[in-house]
Amino acid sequence: EVFAAGDAASCAAHPRPKAGVFAVRQGPPLTSNLRAYLSGQPLVPHVPQTTWLSLITTGGKYCVATKGWVTLEGGWLWA
């Protein structure tokens, strides 16, 4: 068995960008599966989320945000 999480992990069945939002959410399933493996229990496949929030600063406390098909921009996103 191979266990990995965060930027070191890639899954051909569920390709996702290398982003912290995925690394943070991979921790609990990884912990559960490591415990299951060590105790001889069945593993539970992890399926990452299909939409996520991306924030990109453009400087001057101005930001562009996307989640799924929604895109927003402005200084108010910085606050």
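A disulfide here is a pair of cysteine sulfur atoms within 2.5 Å, and a search of the whole structure turns up 0 of them. Keep in mind that this is a predicted model, where local features need pLDDT of at least 70, side-chain atom pairs count only at pLDDT 80 or more, and totals for chains, interfaces and linings use all residues. Residues are numbered from 1 along each chain as its sequence is written, and side-chain values use heavy atoms, with hydrogens and water left out.

What about the cysteines themselves? Cys63 is buried, at a relative accessible area of 4%, while Cys11 counts as partly exposed because its relative accessibility is 39%. The cut-offs: buried is under 20% relative accessible area, exposed is over 50%, and partly exposed is in between (1.4 Å probe, protein chains only).

Now to the strands. These are DSSP runs of E, at least two residues, numbered from the N terminus, and two strands pair if DSSP finds at least two bridges between them.

| Strand pair | Residues | Sense | Bridges |
|---|---|---|---|
| Strand 1 and strand 2 | 53-59 and 62-67 | antiparallel | 6 bridges |
| Strand 2 and strand 3 | strand 3: 70-74 | antiparallel | 5 bridges |

Strands 1 and 2 make a hairpin with 2 residues between them, and Gly60 in that turn has a positive phi of about 60°. Gly59 has Tyr62 in strand 2 as its bridge partner, and Thr57 is bridged to Cys63.

Leu77 sits in the segment after strand 3. Its C-alpha atom is 28 Å from that of Pro15, which is 62 residues away along the chain.

Last, the largest pocket, with a volume of about 630 Å³. A pocket is an open set of points on a 1 Å grid over the protein atoms alone, where a 1.4 Å probe fits, with protein on both sides within 12 Å along at least five of seven lines; lining residues have an atom within 4 Å of a point. Its lining has 26 residues, and Ala4, Ala9, Cys11, Gln26 and His46 lie nearest the centre. The lining divides into 16 nonpolar, 6 polar and 4 charged residues.

Conventions
Helices (H or I, at least four residues) and strands (E, at least two) are DSSP runs, numbered from the N terminus. Grid points are joined across faces, edges and corners, and a volume is the space filled by probe spheres set on the points. Ala, Val, Leu, Ile, Met, Phe, Trp, Tyr, Cys and Pro count as nonpolar, Asp, Glu, Lys and Arg as charged, and the others, Gly among them, as polar.
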